[in-house]
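Colleague: I would like to learn how to read a protein model. Please take me through one, feature by feature.

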Amino acid sequence: MHGLTEGALKSILDDGVEVEAPVFQVTNYKLVKSGIPKYRLQINDGCTESTYVILASQLNHLIENRNLSEFSIMKLNQYSTSMIRGPDNSERKIITIVDCEILVPGHQIGKNFKKNNTKVEEAVPVTRIPTNQQVARPAPQLNNLVDIMNPIMNSNAPAFTTPIAALSPYHSRWVIKARVTNKSQIRTWSNSRGEGKFFSMDLIDESSEIRCTAFRDQCDKFYDLIEIDKVYYISKCQLKPANKQFNHLRNDYEMSLTYDSQIAICNEETETIPSLQFNFVPISTIETMPTNGIIDILGIVKTCSDLQTFTKRLTGQELTKKDVGVVDENNYLINVTLWAEKAQNFDGSGNPVVAIKGAKIGEFNGGKTLSLLPTSILRVNPDIPTAHKLRSWFSTIGATTESHSLSRTSNDGGINGSLLTFSEVDENKLGHPHMPCVYTTKATVNLIKAENALYKSCPSENCKKKVVDQSNGMYRCEKCAKDYPTFTYRLLVNAYLVDWTGNQWIAAFNDEAEILLNGSGPELGELKEKDFDAYLKKIAETSFKSYIFKIRVKQETFNDETRLKSTVLSVQPVNYKMYLDHLLSKIQKLSVEKQ
């Protein structure tokens, strides 16, 4: 009967016997919206049927994408069983599906293969627990974790544990066996509701990962006990929906230790539990990703700055950081900022390979950057095949090849990224929806409009808004809502750039405009007031000079007219050695394509 494992439901739910890779048919399902949405399934094994089956939330996509539907045949690769309390205060056993494989889609079957109307959930409650080690293990019903841990610590008997992926508010009597992959420093908080301290740790097992946080007394009780990379049995924690603003692990839930929580070191074999799970993305794809996103990357250190110490202006807090240029096998480079202890302890000499979990995407001067959060994980020279492959590439090619940088730092002096011509910008429709909006080009200034190149701005240090002349010797800043007896000249120029393929009007604000005009806003403003001819000559001198421009192009709609607006993000002198290397590389590429 399509290979259904007849009698499997009775064995699992009535007799407490584990069945390896059982095959069932799904006859119905229902979305349960209590807490995080989950699907409750009705399944049969050809003989009997049960509705006490929950699909782990990470498998919801199987139903939402219609891969798992009514009458589908599926094999359970991993599952767990646990007890829940019903409305009548009785306890029932449920199956949580952690991993499954769709053997036959439902539309190819179209009927229910159950032989009779027997339903397993009406059977006698389970009284026997298996002693042999099999694929899935029922969660223990314990009053104290020591009840089960004592025999385990003194023997090779397996523990009855629940996979992390199967944890849910539907049952609370569970023990997980998990490895600690990360442990934060003790942090404090103080607000109107009080003050306290806490630390968090990231846990992983074969099925998933989850964050666990300890507050106040639990922080003191467990902090010294927990060691990174050790495996522990943990039970009696509070489970709640994960706060995705601070928790970026791939789990819908997070745990908190309570007064009843129990943690014990695992002394049995732990090689099957992974050390850490990464989901690496190519560095090249970061350019089109939104800021504040959280990603994992694997790269090799190509540049590393000295440790920098500075004081945060608003709080007076002293901060330390280190900027590291990381490149991957596609030869794309991005700047990664390390903070505090990670910066102080990091040694970038020798071009180490780094695996980073949980880096935050940022933007600076029009380029993309990454920054490590307190919860981010940094592994240096990880012993994984992709890291060894990356090291080999860097030794033979990457170390001596110019990288395409996605970042723009304050001390950049060369060409950032791949240079594009204006015709290539048009052909690739840069700046259009869903297309990259920042590019680098070598171009020549053809002319700058002298009119409206200057404006009178607010004299406040942190305000750049235009002021209104009150005609009484005072100047009004609407942003600051203040009147000032003076103003500051600032630059906002419109320049016409050309290269051998096309042209482009761009806007350059004060800092970039000062480079083009070789003078500051106040200097040019004074010159305009005192000697207008000299002012025009100063602007004319900018023509026919070439620079490396980083430009942001963006679609804007004004008066129902949509157009592309180009703004200069940075201006650099042309490094002709690097520019010639770029041209030679382009020529070689063209010659290879023609062959």
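**Reading the chain**

Modeller: The protein chain has 11 helices and 28 strands; helices (H or I, at least four residues) and strands (E, at least two) are DSSP runs, numbered from the N terminus. This is a predicted model, in which local features need pLDDT of at least 70 and side-chain atom pairs count only at pLDDT 80 or more, while totals for chains, interfaces and linings use all residues. Residues are numbered from 1 along each chain as its sequence is written, and side-chain values use heavy atoms, with hydrogens and water left out.

Colleague: What percentage of the residues of the protein chain count as buried?

Modeller: Buried means under 20% relative accessible area, exposed over 50%, and partly exposed in between (1.4 Å probe, protein chains only). Of the 595 residues, 46% count as buried.

Colleague: Is Thr369 buried or exposed?

Modeller: Thr369 counts as buried because its relative accessibility is 14%. Thr369 lies in strand S17 (residues 367-380). Contact means heavy atoms within 4.5 Å. Leaving aside neighbours within four places in sequence, Thr369 has contacts that include Ile334, Lys360, Phe364 and Ser407.

Colleague: Which residues of helix H8 are buried?

Modeller: In H8 (residues 510-517) they are Asn510, Glu512, Ala513, Leu516 and Leu517. They are on the same side of H8 because they cover an arc of only 160° around the axis; the arc is that of the directions from the helix axis to the C-beta atoms. Just after H8, Asn518 has a positive phi of about 55°.

Colleague: Which residues touch the most other members of the largest nonpolar core?

Modeller: A nonpolar core is a set of buried Ala, Val, Leu, Ile, Met, Phe, Trp, Tyr and Cys residues joined through side-chain atoms within 4.5 Å. In the largest one, of 36 residues, they are Ile448, Leu497, Leu516 and Phe549. Another core, of 24 residues, lies apart from it, and Ile176 and Leu257 are among its members.

Colleague: How many bridges join strand S27 to strand S28?

Modeller: Two strands pair if DSSP finds at least two bridges between them. S27 (residues 546-558) is joined to S28 (residues 561-572) by 11 bridges, and the two run antiparallel. S27 and S28 form a hairpin with two residues between them, and Asn559 in the turn has a positive phi of about 55°.

Colleague: In what sense do S19 and S27 pair?

Modeller: Strand S19 (residues 438-448) pairs with S27 in the antiparallel sense, over seven bridges. The bridge partner of Thr444 in S27 is Ser546.
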